Amino acid sequence: MSKEYEVVIGLEVHVELNTKTKIFCGCSTEFGGAPNTHVCPVCAGMPGSLPVLNREVVNKAISVGLATNCDITRNAKFDRKNYFYPDNPQNYQISQLYYPICRNGHVDIETEDGTKKAVRIHEIHMEEDAGKLIHDPVTDDTYVDFNRSGVPLIEIVSEPDMRSADEVVAYLEKLRETIIYLGASDCKLNEGSMRADVNLSIREKGSEEFGTRTESKNLNSFRAIRRCIENEIGRQIDILEDGGQVVQETRRWDDEKGYSYPMRSKEDAQDYRYFPDPDLVPIVVSDEWIEEIRNAQPEFRDAKKARYKEEYDLPDYDIDQITGSKKMSEIFEGAVAEGADPKKASNWLMVETMRLMKETGIDAESLRFSPKNLAALIKLVDSKEINGGVAKEVFEKAVFSDDLDPVKYVADNNMSTKADSGQLLEVVKKAIEANPKAVEDVRNGKQKAIGAIVGFVMKEMKGKCDPGEVNKLIADELSK
């Protein structure tokens, strides 16, 4: 009879902070520059160069710590983590081991089945990123790009509190949502600005003793993380069931092939020979500094959801979708502040915006139209200056434009559907005359037949009229 097992999971989540410059120098952190163009003697590890701490990195690290219920370390320090690898130009990484900036926090999660729990955070520390190795499979050469070297990171280290892939994904989604709301990072897993290493072990159910853990790397999507966890659980159980022992090691997950392979034995802190960095002074964090950051914290999603329900009385599904993106919620609130009806603003975001995002593959944070212009578009429809079809056409242009003014665009392109009432009445009369069968059917109670008459009018007017007004005029004429 096989034993029952329990999985124990802790995460190390690396997040690139979106400061304009690197953590210890003035080089750009912009993603995608030509190789080795965002580099100086400091981030290239040249002898004699000295690091200078970027205060904005500390601000963002503290803001994440406050948002995740951490204690802020009043005297934080940097340490050198020594290891030798080609993408590490100094042969050490500046990090924090002994006095990290944040400790003892927690994140409240809820899984898809409604399970709620608090995942504890052991610490959040600041560090610099390494460079990037690029392997050429044709020449078998390896190149080093140091653009990423020195980009500021925070590493969020959880306690081993998660017991399933569902809990891991819920925790990561909550972290990502919180950090994006803070404006501390874009958390794009596909660009590496959020990366997760999964520490996983198996033990017999009911045991208090941890099993031997492995660390899985190369996880750049929630789907890959879920698949990797499920694979590693099965791999470790198979080893234990066969009477073997799990080896403590770092493994790389290949999502395309659906398996992991060992990279190296897992290092412990002593393997890195940490010692205090002699070139950086301690960071003294005052009460005033903490309060300044706390007072600048945004309204987070949970609070926003409760307020939307009370203030705007939107359906729960709409609220959940809109608040799921900081950018979407900003557009919604801005449009309402400009005078748009909340439900109408919500409908434009929930229907047309979501459709265009799906069709084009853009994410919510890439939306470019302004709340003011969305409100103006809604007003054009409300005033019957344009109909719904024209509004959708204008909106498609606005989504991909920084500042397309709907009012000006409609005027410049002669798109107004507010037809002259006399002209529209003449066309309605013409449509009735041209569709005697439809007229007879309508008078005999077949209301659907009116569609043929409406269609005739819309075609004659080239869509520049309000269907509601057309229907009213037809009904008036047929009642005579």
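Student: Why do the end C-alpha atoms of helix H8 lie 26 Å apart?

Tutor: Helices are DSSP runs of H or I with at least four residues, and strands are runs of E with at least two, numbered from the N terminus. The expected span is 1.5 Å times one less than the number of residues. Because H8 (residues 342-360) has 19 residues, the span should be 27 Å, which agrees with 26 Å. The model is predicted: local features need pLDDT of at least 70 and side-chain atom pairs pLDDT 80 or more, while totals for chains, interfaces and linings use all residues. Residues are numbered from 1 along each chain, and side-chain values use heavy atoms, without hydrogens and water.

Student: Which residue caps the N-terminal end of H8?

Tutor: Asp341 does, with a side-chain oxygen 3.1 Å from the backbone nitrogen of Lys343. Just after H8, Gly361 has a positive phi of about 80 degrees.

Student: Which residues of H8 are buried?

Tutor: An α-helix has 3.6 residues a turn, so residues three or four places apart point the same way. Buried means under 20% relative accessible area, with a 1.4 Å probe and protein chains only. Among the buried residues of H8 are Ala345, Trp348, Leu349, Glu352 and Leu356. Their cover, by contact (heavy atoms within 4.5 Å), includes helices H5 (301-312), H7 (326-337) and H9 (371-382).

Student: Where does H8 bend?

Tutor: The bend is the angle between axes fitted to the seven residues ending at a residue and the seven starting there. H8 bends by about 30 degrees at Thr353.

Methods:
Buried means under 20% relative accessible area, exposed over 50%, partly exposed in between (1.4 Å probe, protein chains only). A polar contact is a pair of N or O atoms within 3.5 Å; within protein, one must be able to donate a hydrogen and the other to accept it, and residues adjacent in sequence count only if both atoms are side-chain atoms.
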